[in-house]
Amino acid sequence: MTSIGRKGKGRFARKQQRSAQAAQAHLQAAPFVQRQHGVFELLSEQQLSQIEANADRILANIGMEFRGDQEVLEVLHQAGCTITGERVLFPPGMCRQIIQQHAPSEFIQHARNAARSVRVGGNNTIFAPSFGPPFVYDLDRGRRYATLEDVRNFTKLHYMLPAVHHSGGVVCEPTDVDVNTRHLDLLYSHLTLSDKPLMGSVTAPERAQDSIDMVKLALGDDWIDGRCYLYSVVNPNSPLVLD
C-alpha cells in the first residue's frame, strides 16, 4: 500500500473539484447562447432591396412548381396566387407580406426537460448536430455506412455535451433499418436517450403526423396545445420546384 504525498493529495483534490464543477456546469448549462455583439452586415440595404426585387420578379413572372399537392395549390390560390397546372405565380410583395404577418421574430421550442428549451431567433444562437450524413468514421472500422447503433451513440454524445443545445434529427442516416419506418427509429432514439429539443420528420405527411403523435406520447400530460415541440426543414429543388 502506498501513501499519497502532500502534492499528490493537492492534485487529486483539484481533480476531484474540477470533476464536480464540470458535472455541476453540465446540469446548469445555458440552453442557448445570447449574442452580446452587433450583427455584421455583409450587404447594404440597397443591395438587399435589389435581391428582394429580383426574387419578386422571378416569382411573379416565372413562379414555382408545387408538385403532387393539390391542397397546397388551393391554399395558394385562395391567398391570391395565379395557378396554371402546378405552376404558381406570386404577386410582387406577397411573400414579404405573409412573412411580416405570420412569421415570429423569435419563438421557444420546448423540450421534454423545460430547462433545456431553446429560444429560436432574435439574438439567440443554438448549437445543434449536423444533419443527414450517410457515412460515419471511426478509428477501428474507418469510413462506412451509418447504422441505427451509430444514431444512438451520437445521440448519447450530444446529450452529454453541454455546448450542444439540441438533439437534432438525422444525426446520421441509419441504412440498416427500413426507409418506411426509419423516422420512427430516429424519433424513438431521440426521445429515449435525450430530453433536449429535437427535429421531426417531414418527408411525407404521415411521417410528420407520426412525429407529432410520438412527442405527444412522450410528453403525456405535459403536452400543451399551441407550443412548438418540433421543428424541421423543407427546401426547394433547383430549378424552382417543391416536390
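Me: Does leucine 42 count as buried or exposed?
Reply: In this predicted model, local features need pLDDT of at least 70 and side-chain atom pairs count only at pLDDT 80 or more, while totals for chains, interfaces and linings use all residues. Residues are numbered from 1 along each chain as its sequence is written, and side-chain values use heavy atoms, with hydrogens and water left out. Buried means under 20% relative accessible area, exposed over 50%, and partly exposed in between (1.4 Å probe, protein chains only). Because its relative accessibility is 72%, leucine 42 counts as exposed.

Me: Where is leucine 42 found?
Reply: Helices (H or I, at least four residues) and strands (E, at least two) are DSSP runs, numbered from the N terminus. Leucine 42 lies in the loop between strand S1 (33–34) and helix H2 (45–61).

Me: Does cysteine 172 count as buried or exposed?
Reply: Cysteine 228 has a relative accessible area of 22% and is therefore partly exposed. Cysteine 172 has 0% relative accessibility, so cysteine 172 counts as buried.

Me: In which helix of the protein chain is confidence lowest?
Reply: Confidence is expressed as pLDDT, the predictor's confidence in each residue, from 0 to 100. The protein chain averages 89, and 87% of the residues score at least 70. Strand S4 (residues 87–89) has the highest confidence, at 98, whereas the lowest, a mean of 59, belongs to helix H1 (residues 6–27).
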